[in-house]
Amino acid sequence: MARIRTIKPEFWTDEVMVQMPFEARLLFVGLWNFCDDYGYLAYEPERIRLQVLPSDDVNISELIDLLSAAGRVEVTSLKNGGRALHLPHFLEHQKISHPTESKIAPEVSGKVAIPLEVRRQVASKHGCKPGERADAACYYCGAPGSIWWVKTQKGRPSCWVAFGDLELDHFHSEKEGGEATENNIVLACRHCNRSKGTTHGFSFLLRKIPEDSGALRPEGNGKELKGKEDKHSAPAAPTLRTKNGKSLKGEHLERFEKFWTAFNYKRGKAEAADAWLSLSPDAAFAAQVIAAAAREAKGRAALVASGQTPKMAQGWLSARRFEDEDAPALPPAKNGNGTCPPVTDEKGLIAYGAKFGLNPKAGESWAQYRSRVVQASA
Ligand SMILES: [Zn+2]
């Protein structure tokens, strides 16, 4: 229901509003007439357009996103997966004598807010220059949208970037620890973002897309879909081609990508993918390897500082270096000539174990074998 609202004279000289394009200012005032007595209204861009700017050629979702970037409107998520708008300072400006209870407020489950800096990084990543506009597409289905790096009234690039018909989606969901950083934010249409929910981006793609429908590189900015994919056809399943011409996909690819991020030494990815494929770790094993990769990454600077060359992921994986830290250190072997050289690889350990009559058993993990050898030699 529309209501009569008041405008304070200060509105016209508000330091944020004066920098906004005319249509954003007018839309903002229009929202007051259609929100409830607590400043909430359903977020239906088409309806808002018909109510407030019915014969203007404007993109409401872009303008709302701009007002949201500027902190004048909050885009909130609802318990049913929908969205609503909230005007955060509404009650400071409106005197409402007998407010009607808000039907929307109790349904709100959270706020959708992405830092301005990240918005600008995402825009840059998609080729949008300061003060310009660029086309963009939903990462998951290729539906078109826009990026608008807003200019101030003086024609200079402002600090605000607005996205039209696309939402900023945490690829690895916030609830699962995904951060609002440039690398974890993809652009998604409302439909995909809503059906994805808190699913990991990879799982969502896999659920959406039939297997073996082609090759989509797992790392990218969403642009790779443009021009190659019809909006209505499903994009290709993510696969990674290994150096030996095999492909890594599904949960193995998902785990490998997590490893690759944790290892954080971005050389020889295709080679590393082969090493990963020959391990083909299950979820628990992969988690161990990923944790060790993160420790390896942490210690790399010190290693380089000490003049050593850091190991590339392939070598690190094939030498099973991820087991190094969990296993007790090997004591030097006693033999006629003093001590053996330190055992650092698989071959060396087997040779060392043989001195005690120990060979790796079928089904035994590397760490288990190692600790048997350690015990025998102690
Ligand atoms: Zn989509």
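Trainee: Hi! What covers the buried residues of helix 1?

Mentor: Hello! This is a predicted model, and in it the cover over the buried residues of helix 1 includes strand 1 (40-42), helix 2 (45-52), helix 3 (60-69) and strand 3 (83-86).

Trainee: Which residues of helix 1 are buried?

Mentor: Ala 24, Leu 27, Phe 28, Leu 31 and Trp 32. Looking down the axis of helix 1, you find its buried residues within an arc of 155°, so they line one face of the helix.

Trainee: Nice. Let's zoom out: how many helices and strands are there in the chain?

Mentor: The protein chain has 13 helices and 13 strands. Of its 378 residues, 29% are buried. Among contacts between residues at least 6 apart in sequence, 61% join residues at least 24 apart.

Trainee: Which residues touch the most other members of the largest nonpolar core?

Mentor: Leu 66, Cys 138 and Ala 188, out of 53 residues in that core. Helix 3 gives the most to this core, with six residues. There is also another core apart from it, of 19 residues, including Phe 256 and Trp 316. As background, nonpolar side chains in soluble globular proteins tend to be buried together.

Trainee: Back to Cys 138: what is it in contact with, leaving aside neighbours within four places in sequence?

Mentor: Cys 138 contacts Ala 143, Gly 145, Leu 166, Leu 187, Ala 188, Cys 189 and Cys 192.

Trainee: Changing topic, where is Glu 107 found?

Mentor: Glu 107 is in the loop between helix 4 (90-93) and strand 4 (108-112). It touches Leu 78, Lys 79 and Asn 80, not counting residues up to four places away in sequence.

Trainee: Why does Glu 107 count as partly exposed?

Mentor: Because Glu 107 has 15 other C-beta atoms within 10 Å, while buried takes 20 or more and exposed 12 or fewer.

Trainee: OK, helix 9 now. What do the buried residues of helix 9 pack against?

Mentor: They pack against strand 10 (239-241), strand 11 (247-249), helix 8 (250-263) and helix 11 (313-318). The buried ones in helix 9 (residues 269-279) include Ala 272, Ala 273, Ala 275 and Trp 276. Seen down the helix axis, the buried residues of helix 9 fall within an arc of 165°, so they line one face. Ser 280 follows helix 9, with a positive phi near 35°.

Trainee: Last one: where is confidence lowest and highest?

Mentor: It is lowest in strand 13 (residues 338-339), with a mean pLDDT of 36, and highest in helix 3, at 97. The chain averages 83, and 85% of the residues score at least 70.

Trainee: Over which residues does pLDDT stay under 50?

Mentor: Residues 211-233 are one stretch, with 35 contacts beyond four places in sequence in the model. Residues 327-344 also stay under 50, with 22 such contacts.

Methods
Residues are numbered from 1 along each chain as its sequence is written. This is a predicted model: local features need pLDDT of at least 70, side-chain atom pairs count only at pLDDT 80 or more; totals for chains, interfaces and linings use all residues. Helices (H or I, at least four residues) and strands (E, at least two) are DSSP runs, numbered from the N terminus. Two residues are in contact if their C-beta atoms, placed from the backbone, lie within 7 Å. The arc is that of the directions from the helix axis to the C-beta atoms. A nonpolar core is a set of buried Ala, Val, Leu, Ile, Met, Phe, Trp, Tyr and Cys residues joined through C-beta atoms within 7 Å. pLDDT is the predictor's confidence in each residue, from 0 to 100.
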